[in-house]
Amino acid sequence: KSQLMAEWRSLPALELELPFEHYAWAHAILSTRSSTVAGKGQRQIQCIIPVVDTANHDSNPNASVVATQSGISLVATRPISVGEEVCISYGDHHADQFLFGFGFLPDGSQLGAIPMPIGKVNKPLFLSPDADGIALLREEYDHDDAALLR
C-alpha cells in the first residue's frame with residue numbers, strides 16, 4: 001500500500017481531484033486485467049486486451065500473448081484439443097503475488113500464512129479453502145497488531 005500511495009502522491013496535479021481510493025481501484029483493474037507483451041527491443045508494454053484478459057493461468061500454458069504488426073494475437077504454443085481450456089501464463093510470481101494480484105493460488109503453491117496489518121474489520125477478511133470450495137471467514141477484529149492469516 002505504501003508504494004501505491006507514493007505513486008498516487010507523485011501524480012501531476014490534475015484539474016479533477018483523484019481520491020486515493022479511486023486511484024487504488026483503477027490500479028487494481030489495470031493490474032488484474034492487463035497483460036505484458038514484448039515491444040521493440042527489450043521494452044515490455046502493459047496493455048488491456050479485451051477477451052484475452054479473460055484467459056486463465058496455467059503454469060504449463062497452451063497459448064501465449066504475442067505482439068504483432070497489427071496488434072496482439074493469442075497464439076497456441078502446443079496443439080489444443082476440442083473443449084480444452086485455452087490458458088496463458090501470468091508469469092513466474094511468488095504465491096503471495098498470485099493471491100493479492102490475481103485473487104488465487106496456483107496448484108501446488110506453498111503459502112501457509114500471510115502476516116498483514118488489520119484494524120477493525122466487519123466484512124469477509126480472507127478466503128479459506130474447505131470441502132465445498134471456498135468458505136468466507138467472517139470475524140470481527142479490533143486491534144492494530146498484524147494478524148496471521150492461515
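Predicted model: local features only at pLDDT ≥ 70, side-chain atom pairs only at ≥ 80, totals over all residues.
Visitor: Which residue has its backbone nitrogen 2.9 Å from a polar atom of the side chain of histidine 57?
Guide: Start from strand β3 (residues 56-57), where histidine 57 lies; strands (E, at least two residues) and helices (H or I, at least four) are DSSP runs numbered from the N terminus. The backbone nitrogen 2.9 Å from a polar atom of that side chain belongs to tyrosine 90.

Visitor: Which elements give two or more residues to the lining of the second largest pocket?
Guide: A pocket is an open set of points on a 1 Å grid over the protein atoms alone, where a 1.4 Å probe fits, with protein on both sides within 12 Å along at least five of seven lines; lining residues have an atom within 4 Å of a point. Here 23 residues line the second largest pocket, and Ser31, Ser34, Ser35, Tyr90 and Phe102 lie nearest its centre. The elements giving two or more of its lining residues are α2 (20-33), β1 (34-38), β4 (63-68) and α3 (95-102).

Visitor: Which residues of α3 are buried?
Guide: An α-helix has 3.6 residues a turn, so residues three or four places apart point the same way. In α3, the buried residues are Ala95, Phe98, Leu99 and Gly101.

Visitor: Which residue of β5 stands opposite alanine 63?
Guide: Strands pair if DSSP finds at least two bridges between them, and six bridges join β4 to the antiparallel β5 (residues 71-76). The two strands form a hairpin with two residues between them. Opposite alanine 63 stands alanine 76.

Visitor: How far apart are the closest N and O atoms of glutamate 84 and arginine 78?
Guide: Both residues are partly exposed, glutamate 84 at 29% relative accessible area and arginine 78 at 33%. They form a salt bridge, meaning a side-chain nitrogen of Lys or Arg within 4 Å of a carboxyl oxygen of Asp or Glu. The structure holds one salt bridge. Between glutamate 84 and arginine 78, the closest N and O atoms are apart by 3.3 Å.

How values were computed: Residues numbered from 1 in each chain as written. Heavy atoms only, no water. Buried < 20%, exposed > 50% of the residue type's maximum accessible area, 1.4 Å probe, protein only. Polar contact = N/O pair within 3.5 Å; in protein donor to acceptor, adjacent residues only side chain to side chain.
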